[in-house]
Each structure stands twice: as C-alpha cells, then as structure tokens.
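Trainee: I am new to this structure. Please pick one part, look at it closely, and then lead me on from there.

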Amino acid sequence: MPTNAKQQILKRIKNALVNTVPMPFPNSEGNQTVYIQSTNELIVTFAEEFTKLQGKFVFCPTKIDFENDIKQLIHIQQWQHIYCIEEPYKTVMNNLGYTMHNDLPSCQVSITGCEFLVARTGTMVLSAAQQSGRTTSVYAPIHICVAYTSQLLQDVKNALQELQVKYGNKFPSFVTFASGPSRTADIEKTLVTGVHGPKEVYCFVIDDAF
C-alpha cells in the first residue's frame, strides 16, 4: 500500500535518527573561539561593551560605595516608586530609608540582581530562578542591576556552563541575556529604545574580591 508524502518524510527522519552519521571532523568544532581575547581585565571589558550599548555602568569598590551611589542616583533622578523584592537589595533600600513600591506595572524603576555578567558582549544574564522572576527586569521603564566582580565571565559559553553547574537538572525555565536598554530598528530602520523593555539600564558592579 503506497504511503503519502508525510509518512515518507517521517520515515526518513526516523531512519536518520536511528542510523546517525558520524561527524567527519569531530575535533574541529567548537574548540577554538572565533573572537579575539581581550587583554583587559573582565571588569574593564564589560564596562566598555556595556556602555557602547547605551547601558550606564557604575563601579563600586565596596558595598558602602554602592549604598552611597544608588542613594545619590535616586535623589538626582527623584524616583518615588521603586520596586525590589530580592534580598539583600530590598534590605539595603529599606535601611537607606526607602519604602518599596509593591506594584510592578506602576513603578518607575526596578532593582534586581543577576546570575552572571558576560564581559565580551557587555551582557547581564538573568533567569526565572531569581526571586524577581521573569518580568521585573523588563516591566519597569528603568532597570537597575546589581552584580559583583565574582560574577564576571568571559563569554556567553562560560555563562551557560556555569548555569548548568549551578542548577543541574533544575535548569531555569527562562534565561535572559540583556545588553543595555531595549532597542529596535524594525520601523524604517530607525533605532528606538525602550520599546520591548526598559529604556534605561544601570549596572552597579560591587568589588567582592577581598
């Protein structure tokens, strides 16, 4: 009995999965990076790439510097509705005298941590496994990410490997690689920021090397 085209295609796929063809050059794939390794420290490379993408970078030698810097930023910008549910940043904000806004859709700025920072691309790696979940970093018009120098990695590949080590079989259902504010050039090739996410992104990096 003749089979239809769909059945023939499915049969070919099944046969291909059962009788796999060995890779002709198994030692030539993925062993060498196509990118030139930067001679700068990871923190310098991240700062350069992050600011190129319109992100606002703040380096804090100590946690006290972080508290002073973020308090000064909030005062200058006159933000009133700040959303933060992640510890210990919520505690820091409360200790500075700020009462957290409890409604994400109506907040002015959100504060989160991150999983890692990727130096080569100036990228913040966030995941659904964080207390802030999926939406906090993209819902507010302004996102503040707080990170540590110990979270800096060279490349995206390293971040994925570290996530696998960290979570194992409980890998997060959603991982975001955010590089600066949201931007698109879909309409008449004109670059517009803040369309699909925050229009401003700050990254405070605290030195925890000691």
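**A close look at helix 6 and beyond**

Mentor: The buried residues of helix 6 pack against strand 4 (116-118), strand 5 (123-127), strand 7 (152-153) and strand 8 (175-178). Contact here means heavy atoms within 4.5 Å. Buried means under 20% relative accessible area, exposed means over 50%, and partly exposed lies in between, with a 1.4 Å probe and protein chains only. Helices (H or I, at least four residues) and strands (E, at least two) are DSSP runs, numbered from the N terminus.

A word on the source. This is a predicted model, in which local features need pLDDT of at least 70 and side-chain atom pairs count only at pLDDT 80 or more, while totals for chains, interfaces and linings use all residues. Residues are numbered from 1 along each chain as its sequence is written, and side-chain values use heavy atoms, with hydrogens and water left out.

Back to helix 6. The helix covers residues 156-167, which makes 12 residues. Its end C-alpha atoms are 17 Å apart, which agrees with the 16 Å they should span at 1.5 Å a residue. The expected span is 1.5 Å times one less than the number of residues. The buried residues of helix 6 are Ala159, Leu163 and Tyr167. Down the helix axis, these buried residues fall within an arc of 45 degrees, so they line one face of helix 6. The arc is that of the directions from the helix axis to the C-beta atoms. An α-helix has 3.6 residues a turn, so residues three or four places apart point the same way. After helix 6 comes Gly168, with a positive phi near 55 degrees.

Now take helix 3 (residues 63-77). This helix has 15 residues and reaches 21 Å from first C-alpha to last, close to the 21 Å expected at 1.5 Å a residue. Its buried residues are Phe66, Ile70, Leu73 and Ile74. They fall within an arc of 95 degrees down the axis of helix 3, so they line one face. The face turned away from that buried side carries the exposed residues Ile64, His75 and Ile76. What covers the buried residues of helix 3? The cover includes helix 4 (89-95) and several strands, among them strand 1 (56-60), strand 3 (109-112), strand 6 (142-148) and strand 11 (200-206).

Helix 3 is followed by Gln78. Gln78 lies in the loop between helix 3 and strand 2. Its phi is near 60 degrees, a positive value in a residue other than glycine. Gln78 counts as exposed, at 59% relative accessibility. Gln54 also has a positive phi, near 70 degrees. Gln54 sits in the loop between helix 2 (42-52) and strand 1. At 41% relative accessibility, Gln54 is partly exposed. Then look at Pro88, in the loop between strand 2 and helix 4. The peptide bond from Glu87 to Pro88 is cis, with omega near 5 degrees. Most residues other than glycine have a negative phi, and most peptide bonds are trans.

Strand 6 is part of the cover on helix 3. Strand 6 pairs with strand 3 in the parallel sense over 4 bridges. It pairs with strand 11 in the parallel sense over 7 bridges. Strands pair if DSSP finds at least two bridges between them. Cys145 is the bridge partner of Thr112, and Ile144 stands opposite Tyr202 in strand 11.

Stay in strand 6 for His143. His143 counts as buried, at 1% relative accessibility. Leaving out residues up to four places away in sequence, its contacts include Ser110, Met124, Pro198 and Tyr202.

Last, the cysteines. How many disulfides does the structure hold? It holds 0, with a disulfide taken as a pair of cysteine sulfur atoms within 2.5 Å. Cys145 is in no disulfide, and the nearest cysteine sulfur, that of Cys114, is 3.9 Å away. Cys145 is buried, with a relative accessible area of 0%. Cys60 is also buried, at 0% relative accessibility. The closest cysteine sulfur to that of Cys60 is in Cys203, 9.4 Å away, too far for a bond.
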